[in-house]
Each structure stands twice: as structure tokens, then as C-alpha cells.
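Take a look at the protein chain below.

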Amino acid sequence: MTTDEPPAAERAPRLVAELAPLLAAESHAEAAGAGIEPGDLEQAVWLRLLERLRDDDAPVRPADWLRRAVRDEARRARRTAGRERAYPHEPAAPPGAHGSPERSALVAERRRTLRAAVRRTPGQCPQVLTAMLSPEDPTYREIAGELGISQGSLGPMRSRCLGCLRRMLAAEVPAPALRGKER
């Protein structure tokens, strides 16, 4: 760095403006082969560049450095994807703790779908299944008393209603597809 050149952090806006089109093109070219979104690849490279600029270690030939950084990040993404394995089923979460907003939205959508299907079941099934899904977790005796039926007939009725619900949902919900690599 020459003495009359400003520090790397001050040159960052100009450098970003100059490199943005090149980075976009390089990221789009490498992203598909790496199994990563081009925007994620761009973000990782910008982060690496800004970390270097923060340490006042600007690359001497920024375009060449950027091309190498894109390939390095793409390679890292491929290695990471090779080590990651999809869960065969979604991991269990404690009740009420859904984690991310996306997971909360998915759980809420599943509940709405289930409740809508329960309402469409025939006969006394909506009342039986609604009582079974109650957060108070009532006993068979309490459910039978509430519905005005004998406790002994509740089990077979519950079984028929769950079978009906299962058939309804199977017709509406596609079977889960295989995720990840097959071995």
C-alpha cells in the first residue's frame, strides 16, 4: 500500500461497487454445482472480503482474489453438503417450543389441516376426535360423559373415527419424498 492511498476500509464502497457485477456472475456460475443459492455464495464472499478490509489487508488484485474466493466458498459448500444427512423424520421438539418462525408456521398449518379434516368426518367423529385432541387430555370416562355415550363404546368409535381421518388425510397429503442421498 502506498502512503497516499486511503486505508482499505475507506476504499470498501468503491471496491464493492467495482466487484459486484463480477461477483454476481461468478456466484451464479458456481452455485448450481455446489448446491447452494447464488445469493448465499455472494454473501459468504462479501463477508470474507469485508473481514480482510477490516484487517487492512485488501487484496492486491481484487478480481483474481474474488474468483478464487468464490471457488473456495463453493468447494466448502460441496464438502459441507456431502457430510450433511437429512433426518428420516422431523426432529422432536418440546411442546410449545417450535424454534424458528418457519417451523412455527408449519406446525400451525398442520394443526389447521388436521382440525379441518376432523370437522369433515362423519357422525359423532368430530366430537370424539375434538375431545381426543383437547389440550386438557381428558380421560375416556370424561369424554364418554361429555358425549353421553358408554365408556366401553368409546374405544371402538375412536378407532373407526381415526381410520376415517387417516383415509381422508392420506388422500389429501402426498407421501413424503426421499430427501438427501440414497444409499
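What follows is a short tour of selected features.

The model is predicted.

The largest nonpolar core holds 18 residues. Val-45, Leu-49 and Leu-66 have the most contacts inside it. Which helices give two or more residues to this core? They are helix H1 (8-34), helix H2 (38-54) and helix H3 (62-83). A second, separate core has 16 residues. Among them are Ala-131, Met-157, Leu-165 and Met-168.

Now take Leu-66. Leaving out residues up to four places away in sequence, Leu-66 touches Leu-19, Leu-22, Leu-23, Glu-26 and Val-45.

**A buried serine**

Ser-27 sits in helix H1. Ser-27 is buried, and its relative accessible area is 0%. Being under 20% is what makes a residue buried here. A polar atom of the Ser-27 side chain lies 2.8 Å from the backbone oxygen of Leu-23. Neighbours within four places in sequence aside, Ser-27 is in contact with Pro-38, Leu-41, Glu-42 and Val-70.

**The cysteines**

A disulfide is a covalent bond between the sulfur atoms of two cysteines. How many disulfides does the count give? The count comes to one. Cys-125 and Cys-161 form it. Both of these cysteines are buried. The torsion about their S-S bond is about -80 degrees, so the disulfide is left-handed. Cys-125 lies in helix H5 (residues 125-132) and Cys-161 in helix H7 (residues 151-172), so the pair ties together parts that are 36 residues apart in sequence.

Cys-164 is in no disulfide. For Cys-164, the nearest cysteine sulfur is that of Cys-125. A disulfide needs the two sulfur atoms within 2.5 Å. Cys-164 is buried too, with a relative accessible area of 15%.

| Cysteine pair | Sulfur to sulfur distance |
|---|---|
| Cys-125 and Cys-161 | 2.1 Å |
| Cys-164 and Cys-125 | 5.7 Å |

**Helix H4 and its two sides**

Helix H4 (residues 101-120) has 20 residues. From its first C-alpha to its last, H4 reaches 29 Å, close to the 28 Å expected at 1.5 Å a residue. Which residues of H4 are buried? They are Val-107, Ala-117 and Val-118. Seen down the axis of H4, these buried residues fall within an arc of 105 degrees, so they line one face of the helix. The face turned away from that buried side carries the exposed residues Pro-101, Glu-102 and Arg-119.

Definitions and conventions: Residues are numbered from 1 along each chain as its sequence is written. This is a predicted model: local features need pLDDT of at least 70, side-chain atom pairs count only at pLDDT 80 or more; totals for chains, interfaces and linings use all residues. Side-chain values use heavy atoms; hydrogens and water are left out. A nonpolar core is a set of buried Ala, Val, Leu, Ile, Met, Phe, Trp, Tyr and Cys residues joined through side-chain atoms within 4.5 Å. Buried means under 20% relative accessible area, exposed over 50%, partly exposed in between (1.4 Å probe, protein chains only). Helices (H or I, at least four residues) and strands (E, at least two) are DSSP runs, numbered from the N terminus. Contact means heavy atoms within 4.5 Å. The expected span of a helix is 1.5 Å times one less than its number of residues. The arc is that of the directions from the helix axis to the C-beta atoms. A polar contact is a pair of N or O atoms within 3.5 Å; within protein, one must be able to donate a hydrogen and the other to accept it, and residues adjacent in sequence count only if both atoms are side-chain atoms.
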